[in-house]
Amino acid sequence: MKLIRLAAELRVLQADSPLAAHCSCGLGPCPGWTSLTEERWPAAQMQALATLRDPEVHEPTFEERHPQGTRYDSPDAPVAIEFFPYNRCELWRCKACQRQLLRYTEYGGYYVDHRVREFSPTLDILD
């Protein structure tokens with residue numbers, strides 16, 4: 001899987017991402033980070049494209065970057081590769097509709113929460 005380290009590299013992949021389309025994958029709309037159980041993740045339809053997690057960074061930061069005053073769950077929150085949760089993400093493509101999705105797993109003291117967000121071509125990617 002390709003490692004994405006620069007915003008420019010991610011923008012190239014973003015340009016290849018269609019606007020949301022109806023898809024049989026059943027994920028539904030996910031403009032902001034959405035919890036999604038492993039059972040609902042349509043693995044057979046998904047193709048891994050890239051990872052944003054740098055393997056040389058043992059524990060990526062939990063600091064977020066929201067220069068426009070957005071929040072983690074805002075549909076218009078920008079993508080900031082070096083910041084949470086993007087620094088823990090993989091980029092996937094649905095083979096049925098070509099929609100691209102960012103995905104990471106959040107680990108708490110007593111839970112595991114898989115989260116997904118549509119990688120829309122309209123999302124702002126910060127340098």
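This is a predicted model: local features need pLDDT of at least 70, side-chain atom pairs count only at pLDDT 80 or more; totals for chains, interfaces and linings use all residues.

Trainee: Why is the pair Asp54 and Arg5 called a salt bridge?

Mentor: The closest N and O atoms of Asp54 and Arg5 are 3.2 Å apart. The cut-off is within 4 Å, so the pair counts as a salt bridge.

Trainee: What does the pair tie together?

Mentor: Asp54 lies in the loop between strand 3 and strand 4, and Arg5 in the loop between strand 1 and helix 1, so parts 49 residues apart in sequence are tied together. Arg5 and Asp54 also belong to a network of salt bridges with Glu56.

Trainee: Is Arg103 buried or exposed, and how do you know?

Mentor: Arg103 has a relative accessible area of 12%. Buried means under 20%, so Arg103 is buried. Its salt-bridge partner is Glu38, with the closest N and O atoms 2.6 Å apart. Glu38, at 39%, counts as partly exposed.

Trainee: Which labels do Arg99 and Glu118 get, buried or exposed?

Mentor: Arg99 has a relative accessible area of 4% and Glu118 one of 10%. The limit for buried is under 20%, so Arg99 is buried and Glu118 is buried. They form a salt bridge, the closest N and O atoms being 3.3 Å apart.

Trainee: What makes up the lining of the largest cavity, by class?

Mentor: The lining has 5 nonpolar, 1 polar and 2 charged residues. Among the lining residues are Glu64, Arg65 and His66. Glu and Arg count as charged, so Glu64 and Arg65 fall in that class.

Methods. Residues are numbered from 1 along each chain as its sequence is written. Side-chain values use heavy atoms; hydrogens and water are left out. On a 1 Å grid over the protein atoms alone, a cavity is a set of points where a 1.4 Å probe fits but cannot get out, and a pocket is an open set with protein on both sides within 12 Å along at least five of seven lines; lining residues have an atom within 4 Å of a point. A salt bridge is a side-chain nitrogen of Lys or Arg within 4 Å of a carboxyl oxygen of Asp or Glu. Helices (H or I, at least four residues) and strands (E, at least two) are DSSP runs, numbered from the N terminus. Buried means under 20% relative accessible area, exposed over 50%, partly exposed in between (1.4 Å probe, protein chains only).
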